[in-house]
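I opened a new notebook page for this structure.

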Amino acid sequence: MDVIFGRNKKEQLEPVRAQVTGRIPSWLQGTLLRNGPGMHTVGETRYNHWFDGLALLHSFTIRDGEVYYRSKYLRSDTYNANTKANRIVVSEFGTMAHPDPCKNIFSKAFSYLSHTIPDFTDNCLINIMKCGEDFYATTETNYIRKINPQTLETLEKVDYRNYVAVNLATSHPHYDAAGNVLNMGTSIMDKGKTKYVIFKIPATVPEDAKGKNPLKHIEVFGSITSRSLLSPSYYHSFGVTENYIVFLEQPFKLDILKMSTAYIRGVNWASCLAFHREDKTYIHIVDQRTGKPVPTKFYADPMVVFHHVNAYEEDGCLVFDVIAYEDGSLYQLFYLANLNQDFEENSRLTSIPTLRRFAVPLDVDKNAEVGSNVVKLASTTARALKEKDDRVYCQPELLYEGLELPRINYAHNGKPYRYVFAAEVHWSPIPTKILKYDILTKSSLKWGQEHCWPAEPLFVPMPGAKDEDDGIILSAIVSTDPQKLPFLLVLDAKSFTELARASIDAEVHLDLHGLFIPDADGDAREQAPSQEQPDRVPDCHVAPWT
């Protein structure tokens, strides 16, 4: 496991040409840009949790059937401070750092006070966000870092709080048809309230506007008051439809009082996050047109959701699909101490992620009997049972067990859809196969190979696509076999057969999320050397998997 999780990865600063076997479709021109943790030890110090590692960006530039790879650590303030000190001096969620152990007692007291409301890290290691013409590395704090997608250079640091009152924000924004960014963040104890804030970043700025930076024109168009002032829900993503926002206030909660004293107690912020099994999951539906929540109180059994898959409106109902866990044990598993020789045994202690479909009636019949199912859709067995006092208890349809990192054809985001592309994770949170799940037929197609761990599968539609699955799947594959080179996998999304793989003679890390930038958004030719330049090609030939 140390080969995958614990070992620091080297940067590949200059593009290296991969060895392609098979044939990459000629229409596929652009860059797959990815993000994830790559460094877990600094000097003699070590992060406690895999999700704490310093962000390592990497890109796969596809040009005329060839692939070029490069990687570079995000030069965040966190990275710079740590590397300068040659030890971890900036706290992450699972690792509390004490930067000045030799300070006198008065200086220490001041440090404790300054951490009461912590200034979070800018180690933006989770995802990549497109904002207008710019790209940002993102995490779940109030900071994002602008990057150059061609060179992977780190540019300016942006604090959301300069534009919108949020202390935390998701790394899974949505994009509407106009390219506007929709996102959510938590505003902790602002004006006596803790709220979940929904905001929009415009794709373009009016010509007569004073500032050309889209972030200066952020619009808050809705909010939800937290059920608890001092214990807001943790959330990693949310859902959207054409007219609504779907937010799950789950019983996986952050204790603000504990967080405020974490530094002085010498414990990490993750210890302030707890799953409350006795509580419920509250389903909030916000009308995008008015910014107002739907008044009916919807709830479900306690669960933990990291990833929403999709949502859409159908016959007076809002249908949404999520990957759900029975508890919060997944986060515990990724402490580096658990990623050891007992990993297989430890992983069986976590709940299995399941694809669940919920259906919520947007207008509940007031005359419906208490206890009756107010969902009348033929397309799902999901139920919503009416209770007293305007409450509705929602029971999901269980679609598939053992999958994570879901992606869809984004042209169907917020609309009816059929296919989920995901990593299969049976009995372990580590991906072993890539999965295509057909919601309509309840069938699946899979790709897998021994010793191969696939990253999140990303769908790229082919030009002029007619069917939802007309396109290809891209996934970066790392190997537990040191004799086997990592590679970029190219699958036909319809048949799930392998079209090509690009083997890379460089270190490739297990990443989290990212996006594909077609040449229209950024010319891949700027990111790869010309054909005249010498290429570094691996000696090892890896045959296509069938």
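**Entry 1: the histidines**

I started at histidine 236. Leaving out residues up to four places away in sequence, histidine 236 touches Ile126, Glu140, Thr170, Ser171, His172, Phe306, His307 and His513. Contact here means heavy atoms within 4.5 Å.

Before going on, I noted the ground rules. The model is predicted, so local features need pLDDT of at least 70 and side-chain atom pairs count only at pLDDT 80 or more, while totals for chains, interfaces and linings use all residues. Residues are numbered from 1 along each chain as its sequence is written, and side-chain values use heavy atoms, with hydrogens and water left out.

Where does histidine 236 sit? I found histidine 236 in the loop between strand S16 (219-225) and strand S17 (239-240). Helices (H or I, at least four residues) and strands (E, at least two) are DSSP runs, numbered from the N terminus.

Is histidine 236 buried or exposed? Histidine 236 counts as buried, at 8% relative accessibility. The cut-offs are under 20% relative accessible area for buried, over 50% for exposed and partly exposed in between (1.4 Å probe, protein chains only).

I then looked for a polar contact. The side chains of histidine 236 and glutamate 140 are joined by one of 2.5 Å. The rule asks for a pair of N or O atoms within 3.5 Å; within protein, one must be able to donate a hydrogen and the other to accept it, and residues adjacent in sequence count only if both atoms are side-chain atoms.

Next I took histidine 172. Histidine 172 is in the loop between strand S12 (168-169) and strand S13 (174-175). Its relative accessible area is 15%, so histidine 172 is buried. Its side chain makes a polar contact of 3.5 Å with the side chain of histidine 307. Neighbours within four places aside, histidine 172 is in contact with Asn127, His236, Ser237, Phe238, His307 and His513.

The unreviewed entry puts the feature "binding site" at His172, His236, His307 and His513. These residues span 342 residues in sequence, yet no two of their C-alpha atoms are more than 12.4 Å apart, so they gather at one spot. I kept a caution: UniProt positions are given in the numbering used here, feature names are shortened, and annotations may be inferred rather than shown by experiment.

**Entry 2: salt bridges**

How many salt bridges does the structure hold? I noted 25. Each needs a side-chain nitrogen of Lys or Arg within 4 Å of a carboxyl oxygen of Asp or Glu.

I looked up lysine 436 and aspartate 469. Their closest N and O atoms are 2.7 Å apart, in a salt bridge. Lysine 436 lies in strand S31 (residues 433-438) and aspartate 469 in the loop between strand S34 (458-461) and strand S35 (471-479), so the pair ties together parts 33 residues apart in sequence. Lysine 436 is buried at 5% relative accessibility. Aspartate 469 is buried at 4%.

Lysine 494 and aspartate 470 form another salt bridge, with the closest N and O atoms 3.3 Å apart. Lysine 494 is partly exposed, at 36% relative accessible area. Aspartate 470 is buried, at 13%. I also found a network: salt bridges link Lys436, Asp467, Asp469, Asp470 and Lys494.

**Entry 3: rings**

I turned to aromatic pairs. The count comes to 24. Rings of Phe, Tyr and Trp (its six-membered ring) pair if their centres lie within 6.5 Å; planes under 30 degrees apart count as stacked, over 60 as edge-to-face and the rest as tilted.

Phenylalanine 93 and tyrosine 331 are edge-to-face, at 6.0 Å centre to centre and 85° between the planes. Phenylalanine 93 lies in the loop between helix H1 (77-85) and helix H2 (105-114) and tyrosine 331 in helix H5 (residues 329-333), so this pair ties together parts 238 residues apart in sequence. Tyrosine 331 is buried at 9% relative accessibility, whereas phenylalanine 93 is partly exposed at 25%. Ring pairs link Trp50, Phe51, Phe93, Tyr331, Phe334 and Tyr335 into a cluster.
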